[in-house]
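The sequence and the structure are shown first.

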Amino acid sequence: MIIQEIVHKYGNKRENLLQILHEIQNKSERNYLSSEVLQELSEEMKIPIADIKGTASFYTMFSFVPRGKYLIRVCESPPCHLLGAQTIFKAIEDKLGIKEGETTKDGLFTLEGTSCLGICGVAPAMMINEEAYGNLTVEKINQILDLLLEKERKE
Amino acid sequence: MVKKEIVQILVGIDGNTVLSGARKIKSRLITEISKQGLEEQVSVIETGSIGPVDKGVVIALYPTGEVYGQVTEENIPEFVQERLIKGRVYKKLLLEEKLPADIDFTSYDSRQTQYFGRIVLDNCGRINPEDIEEYIGMGGYEALGMVLKEKTPEEVIKIVQDSGLRGRGGAGFPTGLKWCFAAREKASPKYVIGNADEGEPGTFKDRLIMEGDPHKVLEGMIICGYAIGANTGYIYIRGEYQLSIQRLNKAIQEARRLGLLGRSIFGTDFNFEVQIKIGAGSYVCGEETALLNSMEGFRGEPRFKPPFPAQVGFLSKPTNVNNIETLANIPPIILNGAEWFKKFGTADSPGTKVYTILGHINRPGLIEVPMGITLREVIFDFAGGVWGGEFKMAQIGGTAGDILSREVLDVPLDYKSLQGAGHNLGSGAILIMNDSVSIIDFLHCCMKFFVHESCGKCSVCRIGTVKLSESFQRLREKKGYPDELEHIKELAQGLKLTAFCPLGQSVATPLLSALKYFSAELSEGINPKKKPNSLLSLSG
């Protein structure tokens, strides 16, 4: 199965654990690390599952619960806060009907707060999956989300 | 009539401009230029950040150095018509910034205040970062060749030590000395690590360096490897920096192709390989020992020092960890010598510093200026002044940095002067705030950040950050206890003295400086009708 392949690709060594977890998560349909997958990884790498979970839970980019197809991460750090991150959060919450940490019922969007994304030159900023968006306003948020919704409707 | 001169149009492609459609603009430019039959005279080149970051898609023209911002697809036909065919400056989109038309290092005045830096960023925005030939064309890898063929490792370390270069990650530790510690160790293998886990809010200099000039970072690393006796390098980079990861990977491949990485570099018996390790979202991993734990596949909690990484580092082997900006300083220092480097900046802090300037200012962006420039110069000369009100305060060095008021506008920004005023330079972020910002609200946001990022290893930080955040929550609601500020101060000092790692210790930095300059405003959050709360006291 795929877990074995990924472990083999990076090498079965503890220092490759994070890269392996990244790839497993990226390849999972719902963008998370399920218990079954971690169990399998634990056996493959001969690392206790509690140890793997303990490590993965330290890092904000890993999730143990299924997430939406689009992972929205809004920056909450001071530079974005000053320039209106709260308004951005509210606009997304209103538009999608979810709160921070929640996923829409259709499984499309998950909203997360995050620490600095390093694109403060265009604060307030957010990332949707690997795409970054800056100089956000309520109108821009609505536009971005409408585009994604439109795209999903077509597919 | 078309001028016969050869014109180059640089399109800045980085994380910010891609959002505004920079790639589309680039292809539209190419189409339009070929439509007009100008392919021979005009070339369109992709480059890293050109400088201004809030001006949409930014392009620059060479050799004139004009910079245009807010470029849209609709503007392009007119731009090509006006600028390239008629030869008139296209005023509609012209920005105030200008690129240096040609750089002459010999006549450099260290106090010269130009938008563009000279040491670290000299190639950023001028070359195509994905083309190794262009880096080589600017003198790239010359320093490496010189080092491998003409210098002993001891000589290299001596140059770096003589230059007085200090680590640009925030702590300001002398780089040459750090190399010396690792070189001294007998154990092998040894490792060089480039720390690109840039997580300090407001800091994105390393990202723009990696996006704009990745080979300079690699060259710095290889030279370091030679100096300390290491054959393997890692770049630990945060997972969010996709474009940096992509460009560094490309750079590594290209360098390998030309034999600048791998076995027998420049025909010598020196071998070096570089790999990228991707982080997973953790602020504390920027601390070098936490970074080592993370690289080894564990929770990114800091380790006790000593032993220092130079003795017991990655996989318990001698390891030298340097910030990306520090590494990017190495090739120019080797090439031009320690004396040249010391012409920039101040006696105690030679060189330049790359700052990211942001907040309520007219021109947020990236600047490289000599050490020792004042906050006033940064705000009013480079940042174009403050919008939305009067200048109230600035936080330098990110969320773990000092909060400075008007009183320190004229203190030079270098390690020694700031220490004299009881402050620290930090990572290079300068967040400028106008008088609409409430210090209580701002500090509350800072404390929430620390609550989230505290790794949980030591209790003073794990619990202290939560208690501090609660204090600011009360102050925000004007429900603070009469002795709230004393408790905040006590707790901050407690963290500073007893927290395990620099993260916990630095929580005190914004608090103590804010208490120094803004205690009157902080007191406004106190409810005088409440009784003092002795339960908050550490000693009570």
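In the predicted model, Leu71(A) stands opposite Thr110(A), a residue of strand S2(A). Strands, like helices, are DSSP runs numbered from the N terminus, with at least two residues (E) for a strand and at least four (H or I) for a helix. Leu71(A) belongs to one side of strand S1(A), which spans residues 70-75 of chain A. S1(A) and S2(A), the latter covering residues 109-114, pair in the parallel sense over 6 bridges; two strands count as paired if DSSP finds at least two bridges between them. S1(A) also pairs with strand S3(A), residues 126-128, here in the antiparallel sense over 3 bridges. In that pairing, Ile72(A) stands opposite Ile128(A).

In a regular strand the side chains alternate between the two faces of the sheet. One side of S1(A) carries Tyr70(A), Ile72(A) and Val74(A), the other Leu71(A), Arg73(A) and Cys75(A), and all of these are buried. The strand is thus described as mostly covered, with 6 of its 6 residues buried. Buried means under 20% relative accessible area, exposed over 50%, and partly exposed in between, for a 1.4 Å probe and protein chains only.

Residues are numbered from 1 along each chain as its sequence is written, and chains are lettered from A and ligands numbered from 1 in the order in which they are written. Because the model is predicted, local features need pLDDT of at least 70 and side-chain atom pairs count only at pLDDT 80 or more, whereas totals for chains, interfaces and linings use all residues; side-chain values use heavy atoms, with hydrogens and water left out.

**Between the chains**

Arg73(A) forms a salt bridge with Glu240(B), at 3.1 Å from N to O. A salt bridge is a side-chain nitrogen of Lys or Arg within 4 Å of a carboxyl oxygen of Asp or Glu. Between chain A and chain B the count is 1 salt bridge. There are also 19 residue pairs in polar contact across this interface, both residues at pLDDT 80 or more. Helix H2 (17-27), helix H4 (49-56), helix H5 (78-82) and strand S4 (131-133) of chain A each supply at least two residues of the side that touches chain B. In total, 36 residues of chain A are in contact (heavy atoms within 4.5 Å) with 52 residues of chain B.

Over all chains, the structure holds 45 salt bridges.

| Pair | N to O distance |
|---|---|
| Lys158(B) and Asp162(B) | 3.0 Å |
| Arg207(B) and Glu211(B) | 3.3 Å |
| Glu390(B) and Arg406(B) | 3.6 Å |

Lys158(B) and Asp162(B) are 4 residues apart in helix H6 (residues 153-163) of chain B, about one turn of the helix. Lys158(B) is partly exposed at 47% relative accessible area, and Asp162(B) is partly exposed at 33%.

Arg207(B) and Glu211(B) are also 4 residues apart, in helix H8 (residues 205-212) of chain B, and so are separated by about one helical turn. Arg207(B) is buried at 3% relative accessibility, and Glu211(B) is buried at 2%.

The pair Glu390(B) and Arg406(B) joins two loops of chain B: Glu390(B) lies between helix H14 (375-382) and strand S12 (391-396), and Arg406(B) between strand S13 (402-405) and helix H15 (415-420), so the pair ties together parts 16 residues apart in sequence. Arg406(B) is partly exposed, at 45% relative accessible area.

Conventions. Polar contact = N/O pair within 3.5 Å; in protein donor to acceptor, adjacent residues only side chain to side chain.
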